[in-house]
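Welcome, and please take a moment to look over the model below. A short tour follows, grouped by topic.

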Amino acid sequence: MVLETISRIIKIQLPAYLKKLPLPETIGGFARLTVSEWLRLLPLLGILALLGYLTIRPFLPKKKKQKDSLINLKIQKENPKVVNEIDIEDLKRTNVCYCRCWRSKTFPVCDKSHIKHNELTGDNVGPLILKKKIL
């Protein structure tokens, strides 16, 4: 039943549709087409555009499926990972690590998400470590 329908469309309805299309003989003839004639051409033009796109699609440049991008563009790029330590006397805890990659699930506290970010992007961002100075 399905194949009979497809066969009927290809053998009967498609040729009848194509015969009724207002295809001009010259390029200048397209400028003289009326709005109703353009509307009758739209389905054919849409199909041709889709087929053209599907034909050239394999040759188009591939987009990288990378959600992350570099965060650290110029600070200490010679180091494999940028980590800063600051001594602060008033901390209640001895060490506190703050996120600088903006990927931490416990932001602003670092949960080491920068490790995965650095692997994905080649970046070198690391946490800000605040250490309590022990006197």
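Strand 2 and strand 3 (residues 125-131) pair in the antiparallel sense, with 4 bridges between them; strands count as paired if DSSP finds at least two bridges between them. Helices (H or I, at least four residues) and strands (E, at least two) are DSSP runs, numbered from the N terminus. This is a predicted model, in which local features need pLDDT of at least 70 and side-chain atom pairs count only at pLDDT 80 or more, while totals for chains, interfaces and linings use all residues. Residues are numbered from 1 along each chain as its sequence is written, and side-chain values use heavy atoms, with hydrogens and water left out.

- The open sheet has 3 strands in the order 1-3-2, and its pairing is mixed.
- Strand 1 (82-87) and strand 2 (95-98) are the edges, each with a single partner strand, so one side of each has no neighbour in the sheet.
- On average, neighbouring strands of this sheet are turned by 20° against each other, direction ignored.

**Helix 1 and helix 3**
- Helix 1 (residues 2-20) packs against helix 3 (residues 35-56) at an angle of about 130°, and their axes are 10 Å apart. Axes are lines fitted to C-alpha atoms, for helices over the stretch in contact, and angles run from 0 to 180 degrees between N-to-C directions.
- That angle makes helix 1 oblique to helix 3 (under 35 degrees counts as roughly parallel, over 145 as roughly antiparallel, 65 to 115 as roughly perpendicular and the rest as oblique).

**The whole chain**
- The protein has 4 helices and 3 strands, and from the N terminus on its elements run α-α-α-β-β-α-β.
- Its radius of gyration is 32 Å, well over the 14 Å that the globule rule gives for 135 residues, so the protein is more spread out than a compact globule. This radius is taken over C-alpha atoms, and the rule is 2.2 Å times the number of residues to the power 0.38.
- The C-alpha trace spans about 95 × 45 × 25 Å along its principal axes.

**A loop to look at**
- P108 lies in the loop between strand 2 and helix 4 (113-121), and a cis peptide bond with omega of about 15° joins F107 and P108.
- W102 lies in the loop between strand 2 and helix 4; phi of W102 is near 65°, a positive value in a residue other than glycine.
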